[in-house]
Amino acid sequence: MDEHEQADRSPRAEHRPDISDPAVLDALAHPVRLDVLAYLMSAGPATASECARAVGDSPSNCSYHLRVLAAHGLVEPAHATDGRTRPWRATITGFTNDDTDPADRVGLDAMLAAALQLDHQLAREHLRTRDTLPEVWRSADVHAQYGLRITPDELADVVARIDAIVRPYIAPIRDVAPDDAAHVHLTLTAFPRPGFDPAAARSGPAA
């Protein structure tokens, strides 16, 4: 194995940039593009055809999405072992969007909408094929909902602690995974329930 192939296959150090550029947010406001990026982050280098099989799209569309992601530095060409194929690799292990300017919230909201669409699509596909999974995976999968009474600071702390638990297991940086490990889609969504009135909550229950 030469140094290029070794670099493509070796675990990556954490690289989780803050993405606030409106052009990058716009590029990520597409569920298939997000799925392709997530696949490369979890599965490692792959060609457009391999990405297409993984995300259920055509190779030509995936090739286009890969070029868009590459234009924003989110993926890059990887070393081709056979000299003919053109694999791609993710350059990041995740991203945040903490510093988005309020003026750019439209782009952030569009990206979040695409992410939610992808989550729902994957969840529906999982339910459709769940009966084909081994019992051990059917026993381990979960959909949990919690109604929290919590402040914004407390919610930020909960999310940070969950993230700290999850980060060691993300595929790009896990040095050695057990033989029975699989790629798992884990989503965390948290927001005030629609219709929630902070002013009314602060005033307490009516007399």
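The structure is a predicted model, in which local features need pLDDT of at least 70 and side-chain atom pairs count only at pLDDT 80 or more, while totals for chains, interfaces and linings use all residues. Residues are numbered from 1 along each chain as its sequence is written, and side-chain values use heavy atoms, with hydrogens and water left out.

**Exercise 1.** Describe the secondary structure of the protein and the separation of its contacts.

*Solution.* Begin with the elements, taken as DSSP runs numbered from the N terminus, where helices are H or I with at least four residues and strands are E with at least two. The protein has 9 helices and 2 strands, and their order along the sequence is α-α-α-α-α-β-β-α-α-α-α. Next, take contacts, meaning heavy atoms within 4.5 Å: among those with a separation of 6 or more, 66% join residues 24 or more positions apart. Finally, turn to burial, which applies to 24% of the 207 residues.

**Exercise 2.** Locate the salt bridge between R128 and E125, and state how accessible each residue is.

*Solution.* Apply the criterion first: a salt bridge requires a side-chain nitrogen of Lys or Arg within 4 Å of a carboxyl oxygen of Asp or Glu. Side chains of opposite charge can pair when their charged atoms come close. For R128 and E125 the N to O distance is 2.6 Å. Then consider their positions: because the two residues lie 3 apart in helix α6 (residues 105–129), about one helical turn separates them. As for accessibility, R128 counts as exposed at 61%, whereas E125, at 37%, counts as partly exposed.

**Exercise 3.** Determine which parts of the chain the salt bridge between R130 and D141 links.

*Solution.* The closest N and O atoms of R130 and D141 are 2.7 Å apart. This pair links distant parts of the chain, since R130 sits in the loop between α6 and α7 (135–140) and D141 in the loop between α7 and α8 (152–166), 11 residues apart. R130 is partly exposed at 27% relative accessibility, and D141 is partly exposed at 26%.

Note on methods. Buried < 20%, exposed > 50% of the residue type's maximum accessible area, 1.4 Å probe, protein only.
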